[in-house]
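Here are my notes on the model, point by point. Please read them with the structure open.

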Amino acid sequence: TALARPLRRMTDVITSWTPDSDISGLPVERSDEIGILAREFVSLLTSLEQRQVQLQREVAEREQAEACARDAEAQHRLVIDSMLDGLIVCDADGAMVRINPAGERMFGYEAGTLLGKPLGTLIRSDRRGQPGGSPTRDAVAERCDGRQSDVFGQHLTRGVFPIEVMRSEFSTADGRFISVIGRDLSAQRAADAEIHGLAAAL
């Protein structure tokens, strides 16, 4: 019949449709209900294809952004790991969350054994003070906020030694953090003592 044939053709096109299908067989030129259905289906397919293109573009942009973020993180980690000074990062509660290789060498610990412990495990404000204080409560925080200050480090095996530190705070999407950059002054102090000894002997 006049209706059965175009309906079968439209049904065949619709049921076998894939993104690469040729939909030119749809009777969009008809002015009756079948033509209306065919045009609506073509419009729906066009919208789906446009949305698919948009989604593919969004996925590509997200993948590119993630790749850039990974590259930036890798570069950031490379800079931190190659620093000559020790770097310790603590969370807002004062627990250590990161220590670079120079910091490991300075204090004699492996980073994994320090994570979660307070900064005071490594740094104290005076030679006689007990380690273990939090940087948010310890005098180290007050003396080193944004400027250099001489305090004392606690080495795993060598005991207390003089260090110069600078403390600062920063925030990320993960919260507020405290960074402490430290430099071992042992060699400098020994050299100063030797110079003073020689000067006194003259």
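**Notes on the predicted model**

1. The chain's accessible surface comes to about 12,900 Å², and 54% of that belongs to carbon and sulfur atoms. Areas come from the Shrake-Rupley method with a 1.4 Å probe; for residues, only the protein chains shown count as cover.

2. A word on the basis. The model is predicted, so local features need pLDDT of at least 70 and side-chain atom pairs count only at pLDDT 80 or more, while totals for chains, interfaces and linings use all residues. Residues are numbered from 1 along each chain as its sequence is written, and side-chain values use heavy atoms, with hydrogens and water left out.

3. Overall layout. The chain holds 6 helices and 6 strands. These are DSSP runs numbered from the N terminus: helices are H or I of at least four residues, strands are E of at least two. Their order along the sequence is α-α-β-β-α-α-β-α-β-β-β-α. Of the chain's 202 residues, 31% count as buried. Buried means under 20% relative accessible area, exposed over 50%, and partly exposed in between (1.4 Å probe, protein chains only). Among contacts (heavy atoms within 4.5 Å) with a separation of 6 or more, 38% join residues 24 or more positions apart.

4. The largest nonpolar core. It has 18 residues. Such a core is a set of buried Ala, Val, Leu, Ile, Met, Phe, Trp, Tyr and Cys residues joined through side-chain atoms within 4.5 Å. Ile88, Ile99, Phe107, Leu122, Ile123 and Ile163 touch the most other members. Two or more residues each come from strand 1 (86-91), strand 2 (96-99), helix 3 (101-107), helix 4 (111-114), strand 5 (159-172) and strand 6 (175-184). Strand 5 gives the largest share, 3 residues. A separate core of 7 residues includes Val13, Leu26, Ile34 and Phe41. In soluble globular proteins, nonpolar side chains tend to be buried together.

5. Ile99 deserves a look. Which residues does Ile99 contact, leaving aside its neighbours within four places in sequence? They are Leu87, Ile88, Glu104, Phe107, Ala111, Leu114 and Leu122.

6. Strand 1 and strand 2 pair in the antiparallel sense over 3 bridges; pairing requires at least two DSSP bridges between the strands. The two strands form a hairpin with 4 residues between them. Gly94, in the turn, has a positive phi of about 90°. Cys90 stands opposite Met96 in strand 2.

7. Cysteines. A search of the whole structure finds 0 disulfides, a disulfide being a pair of cysteine sulfur atoms within 2.5 Å. Cys90 is buried, at 0% relative accessibility. Cys68 is partly exposed, with a relative accessible area of 47%.

8. Salt bridges. The count is 7, with the rule that a side-chain nitrogen of Lys or Arg lies within 4 Å of a carboxyl oxygen of Asp or Glu. Side chains of opposite charge can pair when their charged atoms come close. Arg30 is partly exposed, with a relative accessible area of 24%.

9. A charged network. Glu169 bridges to Arg167 at 2.9 Å, N to O, and to Arg176 at 2.9 Å, N to O. Shared partners join Arg167, Glu169 and Arg176 into one network. How accessible is each member? Arg167 is buried, at 6% relative accessibility. Glu169 is partly exposed at 42%, and Arg176 is partly exposed at 36%.
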